[in-house]
Amino acid sequence: MEKKVCESMQNGAVLGETTKKDENIRRGNWGNQIEFVLTSVGYAVGLGNVWRFPYLCYRNGGGAFMFPYFIMLVFCGIPLFFLELSFGQFASLGCLGVWKVSPMFKGVGYGMMVVSTYIGIYYNVVICIAFYYFFVSMTNVLPWTYCNNPWNTKDCSGVVGSSYANASIANTSTLMRNISELVNHTAKRTSPSEEYWKYHVLNISDDIGHFGEVRLPILGCLAVSWVVVFLCLIKGVKSSGKVVYFTATFPYVVLTVLFIRGITLDGAVNGIKYYLTPQWKMILDAKVWGDAASQIFYSLGCAWGGLITMASYNKFHNNCYRDSIIISITNCATSVYAGFVIFSILGFMAHHLGVDVADVADHGPGLAFVAYPGALTLLPISPLWSLLFFFMLILLGLGTQFCLLETLVTAIVDEIGTDWIIRNKTYVTLGVAVVGFLLGVPLTSQAGIYWLLLMDNYAASFSLVIISCIMCVSVMYIYGFHNYFKDVEMMLGFPPPIFFRICWRFVSPAIISFILVFTVVQYKPITYNDYIYPGWSLIIGFLMALSSVICIPIYAIYKIWTSEGTTFLKRVKNALKPDPSWGPALQEHRTGRYAPNVSSGSDLNQEGQLLHTKEKPEEVSLMIQGSNGSAQNPEASA
């Protein structure tokens with residue numbers, strides 16, 4: 001068997017990477033492994049790397065935060081990443097199909113689909129706003145530079161002297177007084193970029209229940225965003241795999257350009273010091289460790305279903321162990337690098353205003369659409385830097401959005417599984433894109449930002465942690481860690497390292513449980529600036545979170561009810577047992593205990609296994625003879 005695996009690896013992993021021929025003709029594969037790595041990097045590296053990590057870092061002890069961050073990366077992030085990649089690659093199925101490993105837990109796959117749906121809806125709205133800012137930056141003067149626009153209020157106080165102001169009255173003391181009022185939290189002063197965001201882009205309403213009108217410019221950009229995503233996925237991974245050569249790499253070019261520009265500015269060093277200076281006493285704070293674990297977990301995209309889906313298009317013997325380490329480290333290194341880019345500019349802004357960096361630092365939409373754009377107005381040729389920054393945000397968002405849409409499409413196509421649906425996958429992609437656009441329309445209304453933040457805080461929060469924990473337990477203890485380790489060895493040619501075996505069984509589930517407890521203990525009702533969400537909206541938020549988790553017990557009950565057995569325990573046992581078709585998708589890879597058994601006493605569904613094989617009968621016979629006589633389906637070891 002070892003000889004067979006080595007030969008297969010030579011054919012599939014080496015020769016296959018240099019040719020364009022698909023290993024899985026029916027389902028398709030990546031053109032080469034670079035496409036998979038770039039797509040996964042684009043999926044993992046998203047907006048959160050730019051607008052969340054730097055803020056978390058300086059808030060939780062600067063450089064001291066790096067210690068728990070990388071500890072969580074090693075013991076939780078990389079093991080979970082490797083687990084999901086190997087899971088999808090072994091079965092060559094999406095987040096629904098892989099649960100043939102233990103059909104009773106297929107609800108986990110449905111939960112992943114629900115989470116990906118929520119994220120895909122609001123994530124593209126964020127991308128469309130970046131599109132809007134990108135388009136309006138094509139001007140000589142950025143529209144959020146001065147306070148003399150129709151949408152500005154009397155509370156507006158600019159940081160750049162108005163070109164229309166009389167020089168005799170715009171003296172230095174007046175300007176400095178306005179600047180002081182701008183950054184003074186007790187003064188009711190707002191910046192031009194904040195008023196542009198609130199009163200022009202959003203035209204924000206006073207309550208989440210007051211939808212008002214749809215903001216047509218944002219709606220148009222939302223349509224553009226969905227059209228771009230659809231066109232890039234029109235041929236599935238074949239087209240998106242080519243697009244990521246640009247979308248996954250160019251953000252690093254922009255980050256580098258912005259970094260070089262940032263560090264040449266006055267005050268940039270102070271901003272970077274504020275970002276990195278370690279406060280070691282904060283390491284003893286449990287909240288710092290909780291934030292580090294949460295950031296690693298959410299940043300890598302665990303439990304979204306995207307990692308399983310992307311890996312399912314790999315060739316069977318691809319070294320996903322190597323890929324998981326490369327992608328995870330690249331993701332975290334990007335977060336750290338982005339912090340230098342953000343805080344060099346914020347340090348310059350703080351120096352210009354004569355205030356502390358903490359007074360201008362922000363995160364989330366406040367950083368992307370208010371603080372950073374405001375800082376860019378202080379630079380020469382500010383429209384150029386604005387164009388680069390928002391183009392980078394667009395590409396970072398699209399990389400994640402590609403995988404979210406492909407996750408849903410792949411799950412639907414795999415579940416139906418007919419030749420017709422596979423041939424017409426483009427129509428499924430179009431249908432999902434149209435539905436996603438329509439569901440995103442309410443988020444372009446005047447109350448849209450309230451709903452966007454509600455979905456961001458609840459739809460993909462503790463539910464992801466629960467889904468990931470159940471996935472670990474079901475694979476390691478229901479299907480059985482011995483079975484899974486053998487599966488990985490069959491696929492890679494070597495068993496998973498002992499470090500990963502320990503993490504999968506003990507360490508990672510413990511850390512995930514810690515994240516869940518931390519999330520519950522640290523829970524605070526969502527707010528947006530001074531706006532406090534009403535109770536009924538928080539109930540909707542919890543219902544969104546539960547809607548993905550509830551899929552797990554509902555499907556488990558359904559599966560137990562429909563399973564064979566004269567007693568409840570027998571039904572449960574049959575529902576937990578792997579499906580006869582579980583295993584490698586291609587017949588040439590179904591060796592050892594997955595080899596077809598022509599004997600009448602076999603537990604395997606011979607027709608299901610041989611349905612798509614192209615081997616001749618004598619080749620199948622040779623395969624059976626070379627499988628050491630083992631053809632038993634792996635049983636649950638729990």
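Cysteine 156 is buried in the predicted model, because its relative accessible area of 9% falls under 20%. Its disulfide partner is cysteine 147, which is partly exposed at a relative accessible area of 28%. By the distance rule, the count for the model comes to 1 disulfide.

Two further cysteines were examined for accessibility. Cysteine 57 counts as buried, with a relative accessibility of 0%. Cysteine 320 is likewise buried, and its relative accessible area is 0%.

The average pLDDT is 87, and 86% of the residues score at least 70. Among the elements of the chain, the highest mean pLDDT, 98, belongs to helix α9, which spans residues 216–232. The lowest mean, 38, is found for helix α26, formed by residues 606–610. Residues 162–187 have a pLDDT below 50, and this stretch makes 19 contacts in the model beyond near neighbours in sequence. Over residues 598–638 the pLDDT also stays under 50. For residues 598–638, the model has 71 contacts beyond four places in sequence. Where pLDDT is low, the predicted coordinates should not be read in detail.

Terms used:
Residues numbered from 1 in each chain as written. Predicted model: local features only at pLDDT ≥ 70, side-chain atom pairs only at ≥ 80, totals over all residues. Heavy atoms only, no water. pLDDT = per-residue confidence, 0-100. Helix = DSSP H or I, 4+ residues; strand = E, 2+ residues; numbered from the N terminus. Contact = heavy atoms within 4.5 Å. Disulfide = S-S within 2.5 Å. Buried < 20%, exposed > 50% of the residue type's maximum accessible area, 1.4 Å probe, protein only.
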